[in-house]
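Welcome, and thanks for taking a look at this one. Please keep the sequence and the 3D view side by side as you read the notes that follow.

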Amino acid sequence: MKKSSVIALAVLAAVMFAGCVDKKNLAAKVNGEKISISEVDEMISRYVMVSKKIDSTFNPPTGLLLENMRKQFLDGLIDKRVILKKAKELGISISDSEVVEKIAALRKENALNSDAAFAVYLKEMGVTEADFKTKIEDIIMLEKARDTYFSSIAVSPDEALVFYNENGARYAREIMKASHILFRLPDADIPEKGMLTITTRLSRSRPNLSADEIAKAAEAESLKIIAKAESVYKEALSGKPFDALAKKYSEDATASGGGDLGLFGRGDMVSQFDEAVFKLKEGEISSVVKTPFGLHIIKAN
């Protein structure tokens, strides 16, 4: 999983739950709709909160970095307003069932099976259930607008590789094409992605267990995941099609595509993944690699 995706999760949470605030301090106006400085600052505060949950060593931005972040979030809000307006002009609509399914999926991914657990989640995010539903509607609209615009645009990894080979002098970084199989075993909770530690999942699903019992159960489950990853690694080495194994076992969004990660450059991935993948030659398969997101089996394509 890419380092940038961790940042993107916090950005998504900030944009997703940005609320309506006092618009006296005008930051921008889009199609007659005002965006306030307070709204941007609220997004940054939420970004910091989520980032600290993901990484306890995260330091809040200051100085020039903070100003650049304000611009980044303001640009995001402007884009959101423009895209939502265009979606309405295109006649894109969403049904109640789509919203219900999206919320249900989010709750399932986050192990929010009870209404009480969901209420705690909303409180942590600082939103009401009605606000949450509204933001989910916006996200669905944004996704549909994106799909409408880009459905006819497709660039295959082979086409991208041909372009790179023809324009290699313009690039300084080493690139790689690879696939992977992910077994989720995160070091920390990433709730917006549905990636929770075993301890968190057990605490939510089995609240009657003591801390010691949860720790023992978590260790046992962790060992099962490690054993499963090692077993699938042996299957991959035995010659079984890697894409088929990814589709069957991977717990990553790339599973449906056979684990294909496409093209990426050195430094795009978290350090553990980066170090392992760039040692591989074409066709080689790595041993099980541990990253903050879990266990990976990587194949260089």
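This is a predicted model. Let's start with Ala 229: setting aside neighbours within four places in sequence, its contacts are Phe 183, Val 288, Leu 295 and Ile 297.

**Around Ala 229**
- Ala 229 belongs to helix H9, which covers residues 211-237.
- Is Ala 229 buried or exposed? Ala 229 is buried, because its relative accessible area of 0% falls under the 20% cut-off.
- Ile 297 is 68 residues away from Ala 229 along the chain, yet 7.7 Å separates their C-alpha atoms.

**The sheet**
- You will find an open sheet of 4 strands, ordered S4-S3-S6-S5, with antiparallel pairing.
- Its edges are strand S4 (260-265) and strand S5 (289-291), each of which pairs on one side only.
- On average, neighbouring strands in this sheet are turned by 45 degrees against each other, direction ignored.
- S5 makes 3 bridges with strand S6 (residues 294-300), in the antiparallel sense.
- Opposite Thr 291 stands Gly 294 in S6.

**Helices H10 and H3**
- Helix H10 (residues 242-249) lies across S6 and strand S3 (175-184), at about 35 degrees to S3.
- Helix H3 (residues 63-89) is 27 residues long and spans 40 Å from first C-alpha to last, close to the expected 39 Å at 1.5 Å a residue.
- Buried residues in H3 include Leu 66, Met 69, Phe 73, Leu 77, Lys 80 and Arg 81.
- After H3 comes Gly 91, with a positive phi near 80 degrees.

Note on methods: Residues are numbered from 1 along each chain as its sequence is written. This is a predicted model: local features need pLDDT of at least 70, side-chain atom pairs count only at pLDDT 80 or more; totals for chains, interfaces and linings use all residues. Side-chain values use heavy atoms; hydrogens and water are left out. Two strands pair if DSSP finds at least two bridges between them. Helices (H or I, at least four residues) and strands (E, at least two) are DSSP runs, numbered from the N terminus. Axes are lines fitted to C-alpha atoms, for helices over the stretch in contact, and angles run from 0 to 180 degrees between N-to-C directions. Contact means heavy atoms within 4.5 Å. The expected span of a helix is 1.5 Å times one less than its number of residues. Buried means under 20% relative accessible area, exposed over 50%, partly exposed in between (1.4 Å probe, protein chains only).
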